[in-house]
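Hello,

Here is the structure we spoke about, followed by notes on what was found in it.

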Amino acid sequence: MYKVVVIGGGPAGMMAAGKAASQGNDVVLLDKNEKLGKKLFITGKGRCNFTNDCDVEELFENVITNKKFLYSAFYSFTNMDTIAFFNQMGLKEKVERGGRVFPASDKSSDVIKAMERYLAHNNVKVMLNTGVKDLLIKDGKAAGVILDNGEELLADKVILATGGVTYPQTGSTGDGLDFAKKTGHSIKKAHGALIPLVSEDPFIKELQGLSLRNIKATLFESGKKKRDLFGEMIFTHFGISGPVILSLSSYVKEGKKYFVEIDLKPALDIKTLDRRLQRDFEKYSNKQFKNSLDDLLPQRLIPVVIKMSGIDEQKRANQISKEERLELASVLKGLKITVKSKADIKLGIVTSGGIETKDIDPSTMESKKISGLYFAGEVIDVDAMTGGFNLQIAFSTGYIAGLLESREDKK
Ligand SMILES: Cc1cc2nc3c(=O)[nH]c(=O)nc-3n(C[C@H](O)[C@H](O)[C@H](O)COP(=O)(O)OP(=O)(O)OC[C@H]3O[C@@H](n4cnc5c(N)ncnc54)[C@H](O)[C@@H]3O)c2cc1C
């Protein structure tokens, strides 16, 4: 019989288990994988952007779904607490563009090792290759778990930290959502957030693999501007991806029509861009139009832009009219990509949807339906932008779940 069983050895579960054990509780942490933190390992392209060095208030601004629910969690364990926590566990950090915090070593494995030290220091028993089949509920209270092999592990409290449904190869297969549903919790339909966008525009395949830096991407919903962002993007075999596109995808809802406009020259207004075009056409005056854009655009983009401009590619640069030049400039300032849908949910960086926050006490993460059952991390219906905010959610919710405060204790 344990005091606490934690299901899921991701960042939320590890934080919850360590915190619960640090208060003298007998804690067991279960994961169906052969190692802890499988998803954590691939975060931040293997470098793990584990939090953001911003004001606490800015954490909320970067949460997309249910920011108010996170009030207690973020204030109980802030982004500065996350940095201090890892420092105590022997991990140094560095801060990059946009306040993104990474381990100084650039290795996500060092973040996992730091968390493993926390678990070992607090004598958490870790059981790997141990899948949970169901929750054990007795008299409306959490009483433990049933393992895949049928064995029962009894415990006073259960913390469910099984993650979302994206990148299922990392173990996040949505089991916790089923457990929560079966025990009377409402589940908001899960869909991928921070996810590539699918486009069937004919030029997409031609551009596959091309990445663009310093562009501005603007998302339009039903013809109306929704949000714009500066940064990097990449064309894939099925559509578009990269940091700005993943962030914009958080605003894409089912059943609406979207397109993305790429401003390839966001630093130049249309007049300045026109002057620049005039200069380039003078420089290459005797060359064909198709050979006059080398200074302006990556090679692979040139045929696509030419086609969109409607200008004859054989035309000599010095024969291009003012109207044609302005048409070209408008293509460069607004290359339009029609969005068919979001990519397959499995490709989402995070899951939007999950256990509805109305069923969870935000100051303890305890279920309002089953006492002694707590939730932490992505299994909850919360999600945020890129920049370290999703891992901060995992750490903050894991921390207060690990405090094991209960409505019963408060009575
Ligand atoms: C490619 C990629 C890059 C990312 N980069 C970043 C980043 O740089 N910064 C950032 O803030 N966020 C990033 N994220 C998001 C972040 O990784 C997640 O939000 C975070 O891992 C969620 O933590 P979690 O502990 O809730 O769930 P998870 O990390 O998904 O962990 C859940 C664990 O539960 C286990 N489990 C599930 N079901 C069972 C069961 N039935 N029995 C036993 N164990 C079970 C799983 O095996 C898994 O180990 C990234 C995500 C991806 C996919």
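Is Cys48 buried or exposed? Cys48 is buried, at a relative accessible area of 0%; buried means under 20%, exposed over 50% and partly exposed in between, with a 1.4 Å probe and protein chains only.

This is a predicted model, in which local features need pLDDT of at least 70 and side-chain atom pairs count only at pLDDT 80 or more, while totals for chains, interfaces and linings use all residues. Residues are numbered from 1 along each chain as its sequence is written, and side-chain values use heavy atoms, with hydrogens and water left out.

Cysteines. Zero disulfides turn up in a search of the whole structure, a disulfide being a pair of cysteine sulfur atoms within 2.5 Å. For Cys48 the closest cysteine sulfur belongs to Cys54, and at 16 Å it is too far for a bond. Cys54 is also buried, with a relative accessible area of 10%.

Sheet. Helices (H or I, at least four residues) and strands (E, at least two) are DSSP runs, numbered from the N terminus. Three strands form an open sheet in the order β3-β6-β5, paired antiparallel; two strands pair if DSSP finds at least two bridges between them. Its edge strands, β3 (51-52) and β5 (93-96), each pair on one side only. β5 is joined to β6 (residues 100-103) by four bridges, and Glu96 stands opposite Arg100 in β6.

Helix α11. In α11 (residues 302-309), Ile302, Val304, Val305, Ile306 and Ser309 are the buried residues. They pack against α8 (203-206), α12 (322-333) and β17 (335-339), where contact means heavy atoms within 4.5 Å.

Regards
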